[in-house]
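Subject: Handing over a structure

Dear colleague,

I am passing a structure on to you, with some notes on what was found in it. Please open it alongside this message and read the two together.

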Amino acid sequence: MTSRATIHESMSLRARCTFVAHLFKACCKQHHKSLRDDFALILPPDGVALDIGAHAGQYSKLMAGIARQGHIWSIEPSSYAFAILRRALAFNRIRNVTPIRLGFGRRPGEAVLKMPVKPSGSLGFGLSHLGEATRNRRYVEETVPVTTVDRFVADHHIDRIDLIKADIEGWELQVLQGALETIERRRPVIFLELIEAFLTRAGDRLSDTWQLLADRGYAGDQFS
């Protein structure tokens with residue numbers, strides 16, 4: 001099913017119950033606490049960050065608490081995840097985060113976002129991705145708008161970015177290729193989750209991702 005409508009408008013009863021559980025976790029729990037001190041070293045109190053693939057907002061909430069005088073742009077293309085994200089931000093009365101339902105890529109346009117359906121019938125929204133579908137797996141699909149980081153930064157008159165975080169299930173190189181001007185002009189710290197199999201699914205390679213960053217003077221840690 002491919003639709004411009006929001007996914008949760010047509011969810012099964014099981015999926016709706018799971019949505020409530022996901023919403024509770026997003027509102028009442030804080031993940032990634034072990035990264036708080038590391039993020040505080042690179043994100044000052046008035047810092048600005050892009051949370052690309054914001055999911056249910058756990059990273060956005062964490063960064064918002066660090067950059068209390070700054071701003072977090074929370075970017076999430078999935079209508080299911082975005083419905084949770086904006087409710088979690090409102091529930092926690094977080095004012096320095098702007099949630100935007102949008103995807104980033106190497107060029108503006110549209111793309112099909114695929115959300116796996118688990119055998120139980122609930123939705124694996126943490127594994128939603130652009131790119132090719134995995135064989136023998138059932139998905140719910142929706143068409144989402146896509147722009148580039150560079151265009152987004154220009155359109156929103158963002159003159160400072162301290163941190164770019166991207167956890168987008170293999171679409172990371174596509175996003176970096178649409179962010180070259182921003183990277184070269186603003187030199188943000190870049191925090192990525194990179195998995196070879198997921199990059200391959202998007203038609204990219206891990207080595208090309210590291211090379212793009214190395215060519216622009218970036219060096220960092222790689223974790224297996």
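How many of the 5 residues of strand β3 (residues 71–75) are buried? The count is 4, so strand β3 is largely enclosed by the rest of the structure; buried here means under 20% relative accessible area, with exposed over 50% and partly exposed in between, for a 1.4 Å probe and protein chains only.

Before going further, please note that this is a predicted model, in which local features need pLDDT of at least 70 and side-chain atom pairs count only at pLDDT 80 or more, while totals for chains, interfaces and linings use all residues. Residues are numbered from 1 along each chain as its sequence is written, and side-chain values use heavy atoms, with hydrogens and water left out.

Strands and helices

Helices (H or I, at least four residues) and strands (E, at least two) are DSSP runs, numbered from the N terminus, and two strands pair if DSSP finds at least two bridges between them. Strand β2 (residues 48–52) runs parallel to β3 and is joined to it by 5 bridges, one of which has alanine 49 with isoleucine 72 of β3 as its partner. Between β2 and β3 the chain passes through α3, in a β-α-β crossover that is right-handed, meaning that, with the strands pointing away from the viewer, the path from the first strand over the helix to the second runs clockwise. Helix α3 (residues 58–66) is itself mostly covered, with 8 of its 9 residues buried, among them Tyr59, Leu62 and Ile66.

On to the next strand: β3 also pairs with strand β4 (residues 97–100), in the parallel sense and over 4 bridges, and tryptophan 73 has threonine 98 in β4 as its bridge partner. Together with helix α4 (residues 79–91), β3 and β4 make a right-handed β-α-β unit.

Aromatic rings

A search of the whole structure finds 6 aromatic pairs, where rings of Phe, Tyr and Trp (its six-membered ring) pair if their centres lie within 6.5 Å, and planes under 30 degrees apart count as stacked, over 60 as edge-to-face and the rest as tilted. In one of them, the ring centres of phenylalanine 39 and phenylalanine 191 are 5.2 Å apart with the planes at 80°, so this pair is edge-to-face. Because phenylalanine 39 lies in helix α2 (residues 36–42) and phenylalanine 191 in strand β9 (residues 189–192), the pair ties together parts that are 152 residues apart in sequence. Phenylalanine 39 is buried, at 2% relative accessible area, whereas phenylalanine 191 is partly exposed, at 28%. Phe39 and Phe191 form one aromatic cluster with Tyr59.

With best wishes
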